[in-house]
Amino acid sequence: EGSEDEPNSFLVVNKSQYRADIYWDDGMYGVHLDILEAEDGAMNINSEPGNNFFVTKHGVKEGLFDLEKDEPHRFTFQEQGDTFEIPADAAPPNNPCQDRFSICKSEAE
């Protein structure tokens, strides 16, 4: 077993039709981690529990959303072995006025 200082890892799987950029949410504009290929692209990410992540359509920083809920796909890493799946129906939002980054809300105030 590793020490407490070693990061944990989790799996991200992209089931959507879009190539996806994976970002660590730093509370600003995000830190780009990697690109996931469409339709079953997968990667492991090393992180600390409690860190938040979001996904965008590759190259355009347009969030991939749950269109029924009108919410972006975001996730929080909880523990070693977690899996986050970007669902097949994830897509850019229909509403062009969506906040793309965590900083947007505080900048608007």
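Guide: Four of the five residues of E2 are buried, so the strand is largely enclosed by the rest of the structure. Please bear in mind throughout that the model is predicted.

Visitor: Which residue in E5 does Trp24 stand opposite?

Guide: E2 also pairs with strand E5, which covers residues 52-57. This pairing is antiparallel and has five bridges. The residue that stands opposite Trp24 in E5 is Phe53.

Visitor: What share of the residues counts as buried?

Guide: The accessible surface of the protein comes to about 6,700 Å², and 42% of this surface belongs to carbon and sulfur atoms. For single residues, the cut-off for buried is under 20% relative accessible area. Of the 109 residues, the share that counts as buried is 33%.

Visitor: Among contacts between residues at least 6 apart in sequence, what share joins residues at least 24 apart?

Guide: Thr56 provides an example of contacts beyond sequence neighbours: leaving out residues up to four places away, Thr56 touches Arg19, Ala20, Asp21, Tyr23, Lys61, Glu62, Gly63 and Leu64. For the protein, the share of such contacts that joins residues at least 24 apart is 68%.

Visitor: Is Thr56 buried or exposed?

Guide: Thr56 is found in strand E5. Its relative accessibility is 1%, and the cut-off for buried is under 20%. Thr56 therefore counts as buried.

**The nonpolar core**

Visitor: Which residues have the most contacts inside the largest nonpolar core?

Guide: The core has 17 residues. E1, E2, E4, E5 and strand E10 (83-86) each supply at least two residues of this core. Apart from neighbours within four places in sequence, Val12 is in contact with residues including Leu36, Met43, Phe75 and Phe84. The residues with the most contacts inside the core are Val12, Ile22 and Ile86.

**Salt bridges**

Visitor: How far apart in sequence are the parts that Asp40 and Lys15 tie together?

Guide: Asp40 forms a salt bridge with Lys15, with the closest N and O atoms 2.9 Å apart. Asp40 lies in the loop between strand E3 (31-36) and strand E4 (41-47), and Lys15 in the loop between strand E1 (8-14) and strand E2 (20-24). Asp40 is partly exposed at 48% relative accessibility, and Lys15 is likewise partly exposed, at 33%. Because of where the two residues lie, the pair ties together parts whose separation in sequence is 25 residues.

Visitor: With which residue does Arg19 form a salt bridge?

Guide: Arg19 lies in the loop between E1 and E2, and its partner, 18 residues apart, in the loop between E3 and E4. Arg19 has a relative accessible area of 36% and is partly exposed. The closest N and O atoms are 3.2 Å apart, and the partner is Glu37.

Visitor: Is Asp25 buried or exposed?

Guide: The side chains of Asp25 and Arg74 meet in a salt bridge at 2.8 Å, N to O. Asp25 lies in the loop between E2 and E3 and Arg74 in strand E9 (residues 74-76), so the pair ties together parts 49 residues apart in sequence. Arg74 is partly exposed at 35% relative accessibility, whereas Asp25, at 14%, counts as buried.

Visitor: How many salt bridges does the count come to?

Guide: One of them joins Asp25 and Arg74, and another joins Arg19 and Glu37. The count comes to three.

Definitions and conventions:
Residues numbered from 1 in each chain as written. Predicted model: local features only at pLDDT ≥ 70, side-chain atom pairs only at ≥ 80, totals over all residues. Heavy atoms only, no water. Buried < 20%, exposed > 50% of the residue type's maximum accessible area, 1.4 Å probe, protein only. Contact = heavy atoms within 4.5 Å. Areas by Shrake-Rupley, 256 points an atom, 1.4 Å probe, with all protein chains shown as cover. Salt bridge = Lys/Arg side-chain N within 4 Å of Asp/Glu carboxyl O. Pairing = 2+ DSSP bridges. Core = buried A, V, L, I, M, F, W, Y, C linked by side-chain atoms within 4.5 Å.
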